[in-house]
Each structure stands twice: as structure tokens, then as C-alpha cells.
Amino acid sequence: MSVQPQPWPEPDPQIAAAVRMMYRGRREAPLAVQVRDRLGELFPDAAFTDGFGRTGKPGWSPGRLALATVLQKAANLTDRQAADEVRENLSWKYALGLALEDPGFDHSVLSEFRSRVVAHGMEERVLDLLLERLRELGLVAAGGNQRTDSTHIVAAVRDLNRLELVGESVRAALNALAAACPDWVGQALVVEDWSRRYADRIDTWRLPSSKTKQDELALHYAKDGYTLLEALYAPVSPAWLRELPAVQTLRIVLVQNYTRTPGGSGRLRIRRRERAEDGGDGLPPGPIRLASPYDTDARWSAKRDLFWNGFKLHVSETCHPQADGDRPSRPNIITNVATTASTLPDTKALEPIHQVLHRRHLLPTRHYLDSGYPSADLIVASARNYGIALVTPVLLDTSRQAKAQQGFAADDFTIDWDGKQAVCPAGKTSATWNDVVQEGVAKTVVSFAALDCIPCPFKNQCTNSRKGRRLSLYPRELTEAIRTARAQQQDGTWQRDYALRAGVEGTIRQATHTTGLRRARYRSLAKTHLDHTTSAAALNLIRLHAWWHGRPLDRANHCHLARLQLSLTA
């Protein structure tokens, strides 16, 4: 398939006339029509040529397929439904520049387009092009305020317990081998026996209820898996079979869930791994532990009372404080979506988010975040590297005195960094100042002399140690940044300003309800991220459509009881 980039055709005159007649007067033109009229050729073919060949049979315009994909997400349609809209909906034909009699394309073209985009690393191309166009129109710009929050995404696979995981991994490998090289499977295995055990998917309701029988079945699955791998790695077997992704996944699942040790008669003893605290051999950490043989990027994770198998989505958007009832000067635009493993802490996602915003020339001046994102290092690094002030609650002083709100907390001590000494609230000066490394982190340990602390009348308010008080400080820049942030968040003005962050939760609700983002449509992190970027582009178009017609952004409908609750809370 090849692409010869060409400008999009102008809307068919017959379709344009029909659309103008249907939506004349006060009736709002549909989203697709507004996008074509106001934004023009939003996704040019030339931006996608890297993913398509130069020679061969000409394919459908990738730029117009990109717009069809975004409109598909805006209406939350399946591939078949989207292909039907291209064929039947006049507003879609208008936006794509199709003739009235154009038959469109088969729905499978959309899947092939997504696979090609992911294969060539162009998952963010659609959102990049839209934001670039909005920057040209002055609808989004660097500086100002932005806010970011994360939410959980459920993978497009079945939830499996450890027993089901091993059985399904063996079954997936068998099916992949039977499809790739049925002759080898027929020669190396007794197909009838294996088919009896693995023809149907492994389900909990088919498994024995007895714990003893489940443990026996777990060993049977493991023995079958090792038998299959031994046959594949035999010298007479084709080497390329063992490189199949399903075979490699089976190998990893067995390593993560079982151990093999030498036993009697020269045999290997297979044991199921258990947690180290239960006396077992230990399980691999969550970030690398596979959760499904069909999506090796999905991971189990937990957040408070929520436990899910999938990914995590971070949404960033512009935000403009405004008085009630006032029309905003610019709409709130989603500037970035980051799809990560569900086990990745939010603090690890912030720096990549800033890097992408820097690449798009959309870095904010103030970035509103919840307490899961910041650290002393990030507060300092964001200001130094990008000129961004993080508006976020930082963790309070965790010393015993601060928690009890009695006595002298660490923040009550005056630190003289130049003189390398500290002064306690009672006026005593520290005796030692040592730069150390604790758990890989550079710190400064400040100690006060026992002769000063023991007779001190305020000792009970300061320390229970039989020696003097000790302080463990981060480097100067970090300590001063965290102390300043703690002091600021005690101010009522800061609290009112920080309330601006809460609006991003409405954006996440809009994303999950409008485009169905809560459950991933596709498997693998890359395809899920492509789904998220096209969904972000779709949400931006929906918000632009509302803003163009003077409708308030992020409007929520509340029942009478909910309104009463909100008014009482206010």
C-alpha cells in the first residue's frame, strides 16, 4: 500500500448545499461540519507518509482516516459503525471531502491504519497536529495554568488468577503453534490428549473447588508447559517456533510462578512459587509480573480500595479561572495524555509529561497537581529546567512532634547553610554537621550535643533520645523548597487558588463517559496510548464545538438532591 500525499478535496457542492439547507437558521451544524469549516485540512497526508510505502497500490488517504478515527471516538462508535457513518452520513462526507456516491471503505481499514500507525511510532501524531493548529489560531499557548490527574484503565483482557494464568499461557502457546506450524504440532505432541485439556479456555467455574486439587492442577499445567518448551527447544525442532511471542510469554510465566530444583532419580522437582513471607521462594515484583498471556503490558495494581488489571492514564489540560456565567476567553484544551503501566508511581510520570509539553511548546507557568505527583526534587527541577511552578500540596513534616502537633518539629529549627550549623528553638547550636548518603539519597545529618539537650527544660518537647536531638535534612535547595511549599499551603489564599485543580476530575469523567476510555479497546500499551491520544483529540473538538456556540464548558447535570447537597456544602 502506498500514499501519494495530496490536498483534501473541497466538500462536494451537492453535499454542501444539502448541509447548508438542513442546518440553516439557529440550528447548529454538526461537529464534523464545524471542524472542516473552521480548521480546514486538519491532518494532512504528508504527516503520515513515514508509515506508508512510496510504491504499490494507492491506499485510502491516511489524513482522512485519522479524522474518521477522531470522529469515531467523539461519537464512541465501533469500526463497523464508523465505516457506515463515512458511507451514509452527509456531515462526515462533507468533512472528508467525499462525493455523494462515494462508497467509503471497509471497516477493517481502520484496524489496519491503527496497526500501521503504532508500528511506526506515530501514536501522538494526531494530537500533535491538532494542538499545532490550535496554537496557530491562538486557542492554546504556552504559559498560563494547566492541571494534571491520573485515572485507572482496565485492560481489554479477562482477569485471571495465578492458576488460570498458567493454564491460559499453555493454551495460548498451543494455539499459536497450531496456527504457525500444524505439522510440527501433529508430530511432536499427542494432539488428542492436549486438545482434551486445552481446547476450551481456562475458567474458574471449571476448576476444582478443593485447594488440594487446585494445587495439583497447577503442577499439571506447569509440567505441560515445561514439556512443551522442551519439545520446542529440542535440536530437531525448527528454531523459529521458539521465538513466537506466545511461546516466550509461556516461558516467562513459568519462570515467574514456578521453580525447578534437582530431585531424586535425576528428575527436576517443580514447585509453585509462594510469597517469601509465607515461607515460599518469593514472587517477582508487581511491575514485571505478567497478568495475562494476551496482553503482556497489562499489570495488576491497587490504589486505596481499587484493584485493577490494566494501565494508568494521565490527563493534562489548560485551565482558566473565571467568574460564574462569564464566557471563557479560550476553551480548556487537553494538551497531553500519557499512558503508563498501572504500577508506575505518579512521581515518575511528571518529568515525561513536561518533556512532551516542552516539545509541543505548551509548557505552563503554573502546574496544578494532587499530592501523588510532587517531590522536593521535582519542585526544584521543574522550576529550574522548565520555569514551572508546581501548585500542589506537599507532605507535611513527618517527625513525631509534627504529627502530635506538640513540641519542636524539624521545621522549627533554623538552618544556617553557609555556617553549616542549626539552631534549635531553645537557642542551642548544633554540635556536628555531616554530609551522608542514606538509601542512595544525599542528606545532611545535624546533631546537637547531649550536654545541651539533657539538661534543657524543653527536652520532653524536643526528643526522647538519651542523646541529643538529630535532624536529617535534604540538600539546601530541596529543604528550602519544601519548607516554602509547606508554609504556602497553610494560607487560605493558596487553598482557594488550588481549588482550580479539581476541574481536571470533571475532564476525566467526560473522557470516560463520552469516549469510553475506562476500558481499553485494544491490547498492548502502544495501541491503548493511540486510543487515548485520538480520544483526547476528539474531546478537544467536542469542547471547541461547545465554545464556538457559546455553551459553558464542563457543564454537569445534577438531580435536585445533588444540587441540595452541593448548596449545603458550599
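Analyst: A disulfide is counted here when two cysteine sulfur atoms lie within 2.5 Å. In general, a disulfide is a covalent bond between the sulfur atoms of two cysteines. This is a predicted model, in which local features need pLDDT of at least 70 and side-chain atom pairs count only at pLDDT 80 or more, while totals for chains, interfaces and linings use all residues. Residues are numbered from 1 along each chain as its sequence is written, and side-chain values use heavy atoms, with hydrogens and water left out.

Now the arginine. Arg 64 belongs to helix α3 (residues 62–75); helices are DSSP runs of H or I with at least four residues, strands are runs of E with at least two, and both are numbered from the N terminus. Arg 64 is buried, because its relative accessible area is 15%; buried means under 20%, exposed over 50%, and partly exposed in between, with a 1.4 Å probe and protein chains only.

Apart from neighbours within four places in sequence, Arg 64 is in contact (heavy atoms within 4.5 Å) with Trp 8, Pro 9, Asp 45, Leu 96, Gly 97 and Leu 98. Gly 97 is 33 residues away from Arg 64 along the chain, and their C-alpha atoms are separated by 8.8 Å. The side chain of Arg 64 also reaches the backbone oxygen of Leu 96, at 2.8 Å.

Arg 64 lies over the face of Trp 60 as well, 5.4 Å from the ring centre. A charge sits over a ring if NZ of Lys or CZ of Arg is within 6 Å of the ring centre and within 35 degrees of the ring normal. Another such case is Arg 260, whose charged end is 4.0 Å from the centre of the ring of Tyr 226.

Next, the rings. Rings of Phe, Tyr and Trp (its six-membered ring) pair if their centres lie within 6.5 Å; planes under 30 degrees apart are stacked, over 60 edge-to-face, and the rest tilted. The whole structure has nine aromatic pairs. Trp 417 and Trp 433 are edge-to-face because their planes stand at 90°, with ring centres 5.6 Å apart. Both Trp 417 and Trp 433 are buried.

Last, the cysteines. The structure holds zero disulfides. The sulfur of Cys 453 has its closest cysteine sulfur in Cys 462, 6.0 Å away, which is too far for a bond. Cys 453 is buried, with a relative accessible area of 10%, and Cys 319 is buried at 1%.

Notes. A polar contact is a pair of N or O atoms within 3.5 Å; within protein, one must be able to donate a hydrogen and the other to accept it, and residues adjacent in sequence count only if both atoms are side-chain atoms.
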